[in-house]
Amino acid sequence: VAFGTIFGSGGGFVYTTTGGLARVGIGTAAPSAPLSVTVSQDAVVPVLVIDNAGVTSQNTGSSIDFYNNSLAYKHGTLRVIGAPGVNVGRFELNPTYKGTDLTGLVVSAEASGGAAARVGIATTSPYAFLSVKGGAVGTTTVAIVPVGSQTANILDIYSNAATPTLFSVISSGGSLGLGTTTPASLLSVHGNALLSGNLTVA
């Protein structure tokens, strides 16, 4: 394709070397990046499709690899996995550090048979709807940080009734309410309690 050649109407495709950098524009005659895709009207089709039509294994699929500017190391991989004829859907966004692939974010319907997606952070096999795996002994696994002057609860826990109702909370002030949504103290328990060890009051 010659430089600056445009196919189709409305700037369907263009290849330029603006500023000494090769650029491809799809739907635009002035690509602002090495690859620019512009949709100028409402459409029911995806903007970009990556399709490995010949994939037959659940362990492979469409992927995009990301590299840093020195090309020394791959910095991550985006993969969308699904096997033809199998009810499998999986999305992975994995960072890479000095050539070692790390588990990042995984959204998968595999564990639940396709009934509902499960999200795994630093784990490839989330067993709950949200599974977070720690990575270092000196790093907190999960942190919930509210905004300043927050008035809503930090965490809401609902009952398992047919119509779930709010059952327990961590309030905006850090109070834990078990069986109550309005804890009056740092720990408020509404209902029976079982202590199998010692209870020390300072």
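1. Ile26 sits opposite Val37 of β3. Ile26 belongs to strand β2, which spans residues 23-26. β2 runs parallel to β3, and three bridges join the two. Strands count as paired here if DSSP finds at least two bridges between them.

2. A word on the model. It is predicted: local features need pLDDT of at least 70, side-chain atom pairs count only at pLDDT 80 or more, and totals for chains, interfaces and linings use all residues. Residues are numbered from 1 along each chain as its sequence is written, and side-chain values use heavy atoms, with hydrogens and water left out.

3. The sheet around that pair is open. Its three strands come in the order β1-β2-β3, with mixed pairing. The edges are β1 (13-16) and β3 (35-37); each has a single partner strand, so one side of each lacks a neighbour in the sheet. On average, neighbouring strands are turned by 10° against each other, direction ignored. The axes are lines fitted to C-alpha atoms, with angles from 0 to 180 degrees between N-to-C directions.

4. On burial: 20% of the 202 residues are buried, meaning under 20% relative accessible area with a 1.4 Å probe, protein chains only. The accessible surface is about 14300 Å² (Shrake-Rupley method, 1.4 Å probe). Carbon and sulfur atoms hold 58% of that surface.

5. Now contacts, defined as heavy atoms within 4.5 Å. Among those with a separation of 6 or more, 5% link residues 24 or more positions apart.

Note on methods:
Buried < 20%, exposed > 50% of the residue type's maximum accessible area, 1.4 Å probe, protein only. Helix = DSSP H or I, 4+ residues; strand = E, 2+ residues; numbered from the N terminus.
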